[in-house]
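Here is a short briefing for a first look. Keep the sequence and the model side by side.

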Amino acid sequence: MAEHGTKDVAPLASLGKPRPEQGQDSFRSGFVAIIGRPNVGKSTLLNQLLQFKLSIVSPKAQTTRHKVRGILSTENYQAIFLDTPGAMQHARDLLDERMLARIHEAMKEADLIVLMVEPHLPGDIEQRLIERLRQMSKPAILAINKIDLVKKADLLPIIDVYRQSHNFAEIVPISALKGDGLGLLQDLIVRYLPEGEPLYPPDQLTDRPERFLVTEIIREKVYHLYGEEIPYHTAVEIEEFQEARPKEGRNKDFIRAVIYVNKDSQKKILIGRGGQALKQVGILAREEIETLLGRPVYLELWVKTRPKWRENSAFLRQVGY
Ligand code: GDP
Ligand code: MG
């Protein structure tokens with residue numbers, strides 16, 4: 001086991017048990033699950049590693065609902081990162097249960113697990129995840145994130161407690177937001193990937209279709225523009241997505257999306273007086289969708305009420321959860 005400061009890179013000799021070196025230039029590829037409590041910075045890390053905004057980020061808990069795959073391809077390796085929803089203590093409803101199932105699936109699927117934690121002593125959520133790690137014979141790297149928020153001296157006791165809690169292959173302090181320690185983390189991740197051929201074409205960034213990314217962008221804007229309650233009760237579905245056909249006089253992609261909420265009172269808030277609030281969602285979402293697609297877009301947003309949708313299994317399937 002080894003731990004590393006963010007600036008001073010430890011010599012390679014101090015590393016744990018990386019995969020046997022099977023020839024210097026053998027290609028490595030594999031799955032890396034990023035797990036941890038809500039808001040610890042999992043999506044921020046994924047986006048930083050990919051240098052692309054794949055996963056939506058927000059200061060509110062429970063933003064990520066899916067297992068999003070982000071593919072990082074280089075000349076020497078392909079790492080397929082699985083961003084997961086935040087691990088919670090108890091499932092409150094069917095959507096929560098689905099999200100917990102996603103985390104466990106990702107852990108099973110992965111060749112390597114990155115447990116991401118806040119720079120604090122482990123809480124119940126961390127302890128549970130560590131218990132699960134113990135039941136699996138897979139290498140796990142502990143990434144202590146947000147070190148920009150604490151003094152180095154305060155980190156040491158935290159590292160100690162974690163080191164005693166599990167046989168982590170590596171312990172790396174990072175700041176996903178500021179980019180500290182990420183090069184090192186990336187190098188260490190690669191060491192624990194199995195040898196193998198690339199699993200995806202090298203120019204593919206995700207296994208998720210554009211349609212999915214579009215719904216996530218809209219959902220993110222709702223997270224940014226409204227209070228705690230509305231985003232939690234929001235689901236987004238694309239009803240129509242037509243690419244531009246300049247020959248037929250349509251110069252923009254046409255996207256019609258529905259934002260579902262739980263109650264009529266939420267619908268009212270989402271739309272706002274004279275539709276002003278919803279208009280804001282549309283403006284921000286359209287700009288980002290255009291950047292993603294690299295084409296002009298006409299975005300039409302509708303709001304509909306679906307009482308208790310978080311408990312409705314057919315609906316969850318319909319919107320892809
Ligand atoms: P997730 O729920 O684990 O996916 O967390 P997000 O990636 O959505 O991040 C949650 C919040 O933490 C966002 O407001 C991020 O900007 C913030 N955050 C992520 N990484 C860092 C970090 O290294 N330092 C600080 N100060 N904030 C961070
Ligand atoms: Mg997330």
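Of the 18 residues around ligand 1 (a heavy atom within 4 Å), Asn39, Gly41, Lys42, Thr44 and Asp148 come nearest. This is a predicted model, where local features need pLDDT of at least 70, side-chain atom pairs count only at pLDDT 80 or more, and totals for chains, interfaces and linings use all residues. Residues are numbered from 1 along each chain as its sequence is written, chains are lettered from A and ligands numbered from 1 in the order written, and side-chain values use heavy atoms, without hydrogens and water.

**Ligand 1**

- The shell around ligand 1 has 7 nonpolar, 7 polar and 4 charged residues. Ala, Val, Leu, Ile, Met, Phe, Trp, Tyr, Cys and Pro count as nonpolar, Asp, Glu, Lys and Arg as charged, and the others, Gly among them, as polar.
- A polar backbone atom of Gly41 is 2.9 Å from an oxygen atom of ligand 1.
- Asn145 places a polar side-chain atom 3.1 Å from an oxygen atom of ligand 1.
- A side-chain N or O atom of Asp148 is 2.8 Å from a nitrogen atom of ligand 1.
- Alone, ligand 1 exposes 590 Å² (Shrake-Rupley method, 1.4 Å probe), and the protein buries 88% of that.

**Helices α6 and α9**

- Helix α6 (residues 210-225) packs with helix α9 (residues 276-293) at an angle of about 145 degrees (on a scale from 0 to 180 degrees between N-to-C directions). Their axes are 9 Å apart.
- The contact (heavy atoms within 4.5 Å) includes Leu213 and Ile217 of α6 and Leu284 and Ile289 of α9.
- By class, this contact of α6 with α9 has 12 nonpolar, 1 polar and 4 charged residues.

Technical notes: Helix = DSSP H or I, 4+ residues; strand = E, 2+ residues; numbered from the N terminus. Polar contact = N/O pair within 3.5 Å; in protein donor to acceptor, adjacent residues only side chain to side chain.
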